[in-house]
Amino acid sequence: MEARLAMISALNLDSFPAQLRALVIGASGGIGAAFVRALRNASTQYHVEELHRHSVPLIDFSDEQTIQRAAQHLAAHGPFHLIINATGILHSNDLMPEKKLSDLQYDQLKTVFEINTFGPALVMRHFAPLLDSQRGVMVMLSAKVGSIEDNRLGGWYSYRASKAALNMLVKTAAIELKRSQKNTVLLALHPGTVQTGLSQPFRGGSAARQADEAVVDMLNVINQKMPEQSGNFYTYGDEQLPW
Ligand SMILES: NC(=O)c1ccc[n+]([C@@H]2O[C@H](COP(=O)([O-])OP(=O)(O)OC[C@H]3O[C@@H](n4cnc5c(N)ncnc54)[C@H](OP(=O)(O)O)[C@@H]3O)[C@@H](O)[C@H]2O)c1
């Protein structure tokens with residue numbers, strides 16, 4: 001409890017209005033839930049909405065219609081100063097990241113791209129118009145392993161490629177939004193290795209951090225980002241990553 005209070009006091013969101021309105025998509029996940037907790041604990045004046053596969057309305061990237069429907073519903077609760085997409089897949093009961101070319105097959109590639117790339121692309125399409133015109137930040141959780149330049153180990157084909165493609169969509173949308181919504185900030189953000197269901201089979205023991213700690217770091221990075229930084233890829237430690 002004390003550790004959590006200390007983390008909240010380390011949180012600085014002073015570039016946002018005192019009555020911040022935020023939306024977390026993928027709020028049922030380890031990192032998404034921690035974002036909701038951190039924002040709700042930060043100020044009683046904050047209004048925090050959440051969406052996930054079992055919320056009302058729900059959002060499920062395997063059903064494209066749910067993305068537009070959720071955005072239409074949430075429009076009544078906006079405009080939002082902060083929208084965070086914390087959805088993603090690395091493994092499931094049916095798939096594990098591919099180690100070698102001979103592991104590649106369509107079903108897995110399609111599933112991973114649907115959740116890590118196509119869904120977030122449609123989130124950008126339908127939710128960017130819900131951002132506040134004065135201060136509006138949209139964050140797509142990406143992954144450092146999606147950096148093409150940083151790829152030294154290989155493996156994890158579909159996950160890496162789906163995040164690299166997500167990064168391209170973020171960059172492309174940021175260029176368009178600079179023209180049509182000049183105060184919008186759109187970012188790709190790497191959360192670090194965090195203890196969640198997604199990382200559970202892989203994480204290197206003590207290397208993974210608690211989600212509550214990771215989201216405070218990420219919110220402090222987000223707080224500093226202005227339209228000039230839109231379309232970039234950052235880590236939770238505020239380093240800019242190469243594409
Ligand atoms: N944890 C790490 O170490 C780490 C490292 C680098 C990057 N990341 C990125 O951080 C983000 C959050 O990851 P996490 O660790 O919090 O993972 P997580 O705990 O597994 O959460 C994943 C979230 O994605 C949602 N999701 C899965 N399939 C979906 C679908 N078809 N439609 C809509 N939502 C779907 C899950 O919903 P359900 O609850 O319904 O399954 C859940 O809300 C991901 O983009 C991940 O790639 C994580």
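## Around the ligand

In this predicted model, 26 residues surround the ligand, and the closest are Ser28, Arg53, Thr87, Tyr159 and Thr196 (near means having a heavy atom within 4 Å of the molecule). By type, this shell holds eleven nonpolar, twelve polar and three charged residues (Asp, Glu, Lys and Arg count as charged; Ala, Val, Leu, Ile, Met, Phe, Trp, Tyr, Cys and Pro as nonpolar; the others, Gly among them, as polar).

## Polar contacts and burial

Let's look at oxygen atoms of the ligand. One is 2.8 Å from a side-chain N or O atom of Lys163, one lies 3.1 Å from a backbone N or O atom of Gly88, and one is 3.5 Å from a polar backbone atom of Gly192 (a polar contact is a pair of N or O atoms within 3.5 Å). Taken alone, the ligand exposes 900 Å², of which the protein buries 88% (Shrake-Rupley areas, 1.4 Å probe).

Helix 2 (30-42) and helix 5 (157-180) are the elements that give two or more residues to the shell.

## The overall fold

The protein has six helices and six strands (DSSP runs: H or I of at least four residues, E of at least two, numbered from the N terminus). Read from the N terminus, the order is α-β-α-β-α-β-α-β-α-β-α-β.

## A note on the model

Residues are numbered from 1 along each chain as its sequence is written, and side-chain values use heavy atoms, leaving out hydrogens and water. Local features need pLDDT of at least 70 and side-chain atom pairs 80 or more, while totals for chains, interfaces and linings use all residues.

Terms used. Polar contact = N/O pair within 3.5 Å; in protein donor to acceptor, adjacent residues only side chain to side chain.
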